[in-house]
Amino acid sequence: MKSILFKLGLFSFVLLLSSKPPQQEFQGRAVYFSKSTLDLGNWAARMSEAQKKQMKERLKGRLEKTYTLVFNKEESLFKEEDKLDAWAGATDTWGKNFARGEQYKNVKANELAQSQEFYGKRFLVKDKLQDIEWKMGKESKQIGQYLCFKATASVPSTELAWYDFSWGDLRRPVAKTDSTKVETETPAEPEIRMTEVEAWYTPQIPVSHGPAEYWGLPGLILEVSAGATTMLCSEVVINPKETIKIEAPEKGKLITKAEYRSTIEGKMKEMRDNRGRRRGSR
């Protein structure tokens, strides 16, 4: 009898343990606001203050953006929040061709998967995460309720914006020849431009995630400055009530970062050459 009662008690105890709700996976959501300064270069000398102001207002949608980063211990998903172009009253179609798509990172597996759309065609960029050699600093500051520490790095500029394009990317050095020969474009070793990065991370949120290409620090990156752009976290929610689903994008033509960059440059060169031929035929 005692044996039966013992077995019944043990069975009830096992049932009690199995009925407990599973512990929630560590998750979080962070909102970032990015702001970039506008460098008008030589154009600035030819423009009035009113024209400069108008230009900045026109490009405000590209200079100021809001992003959301959702994350767990290993994965994160980073995407830009859609908003209307304040000047044109419509979305910025040209800019969208060179905007960052939905970006998935897996820091444990060292995997990047990013959805990109270029002139109506969808690509799925898969590659390794950008290798960043951080130098840890001793400086600290408070960002919201979190104590943050400084880290710096030097990263190739094209690696931070491999999805973007500038007409200057098509320029190639021209070989000098004598007057009897036609000058031809010759390949040359490309100059590797570097961007200095300053990041502030908090060990109070012990994940190696961050916005955009940035990751690999012993705490969530809450602020990062690179070139003319600063991203600052304005809100963090740890273990929200609703479960966060983090899924890597799956649709699009499979391609690497280098191949995607080459595709963009090839298309823009084709557009430039076609425009030149049309002008020449007038």
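These are my notebook entries on a predicted model, looked up one feature at a time.

**Ground rules**

I am working with a predicted model, in which local features need pLDDT of at least 70 and side-chain atom pairs count only at pLDDT 80 or more, while totals for chains, interfaces and linings use all residues. Residues are numbered from 1 along each chain as its sequence is written, and side-chain values use heavy atoms, with hydrogens and water left out.

**Entry 1: the sheet**

I began with the strands. I take helices (H or I, at least four residues) and strands (E, at least two) as DSSP runs, numbered from the N terminus. Two strands pair if DSSP finds at least two bridges between them.

I found an open sheet of 12 strands with mixed pairing, in the order E7-E8-E9-E10-E11-E1-E2-E3-E4-E5-E6-E12. Which strands stand at the edges? They are E7 (135–143) and E12 (253–255); each has a single partner strand, so one side of each is left without a neighbour in the sheet. On average, neighbouring strands of this sheet are turned by 20 degrees against each other, direction ignored. For that angle, axes are lines fitted to C-alpha atoms (for helices over the stretch in contact), and angles run from 0 to 180 degrees between N-to-C directions.

**Entry 2: E8 and E9**

Next I looked at E8 (residues 146–156) and E9 (residues 194–202), which run antiparallel and are joined by eight bridges. Ala151 has Ala199 in E9 as its bridge partner.

Lys150 also has its place in strand E8. Is Lys150 buried or exposed? I call a residue buried under 20% relative accessible area, exposed over 50% and partly exposed in between (1.4 Å probe, protein chains only). At 16% relative accessibility, Lys150 counts as buried. I also noted Ser140, 10 residues from Lys150 in sequence and 6.2 Å away in space, C-alpha to C-alpha.

I then followed E5 (residues 111–118). Six of its eight residues are buried, so E5 is largely enclosed by the rest of the structure.

E5 pairs with E4 (residues 103–106) in the antiparallel sense, over four bridges. Across this pairing, Tyr104 stands opposite Ala113 in E5. The hairpin of E4 and E5 has four residues between the strands, and Asn110 there takes a positive phi near 55 degrees.

With E6 (residues 121–127), E5 again pairs in the antiparallel sense, over seven bridges. Phe118 has Lys121 in E6 as its bridge partner. Two residues lie between E5 and E6 in their hairpin, and Tyr119 in the turn has a positive phi of about 50 degrees.

**Entry 3: aromatic rings**

How many aromatic pairs are there? I count rings of Phe, Tyr and Trp (its six-membered ring) as a pair if their centres lie within 6.5 Å; planes under 30 degrees apart are stacked, over 60 edge-to-face, and the rest tilted. The count comes to six aromatic pairs.

For Trp162 and Tyr163, the ring centres are 5.6 Å apart and the planes at 80 degrees, so this pair is edge-to-face. Trp162 also forms an edge-to-face pair with Tyr260, at 5.8 Å centre to centre and 85 degrees between the planes. Trp162 lies in the loop between helix H5 (157–160) and E9, and Tyr260 in helix H6 (residues 257–280), so the pair ties together parts that are 98 residues apart in sequence. Trp162 is buried, with a relative accessible area of 2%, and Tyr260 is buried too, at 0%. I see Phe123, Trp162, Tyr163 and Tyr260 linked into a cluster by ring pairs.

I looked for charges over rings as well, meaning NZ of Lys or CZ of Arg within 6 Å of the ring centre and within 35 degrees of the ring normal. Lys73 lies over the face of Phe26, 5.1 Å from the ring centre. The charged end of Lys141 sits over the ring of Trp200, 4.6 Å from its centre.

**Entry 4: cores and cysteines**

A nonpolar core here is a set of buried Ala, Val, Leu, Ile, Met, Phe, Trp, Tyr and Cys residues joined through side-chain atoms within 4.5 Å. The largest has 45 residues, and Tyr260 is one of those that touch the most other members. Apart from it I found another core of six residues, including Leu77 and Tyr104.

Last, I searched for disulfides, pairs of cysteine sulfur atoms within 2.5 Å, and the whole structure has zero. The cysteine sulfur closest to that of Cys148 is in Cys233, at 8.8 Å, too far for a bond. Cys148 is buried, with a relative accessible area of 0%, and Cys233 counts as buried at 9%.
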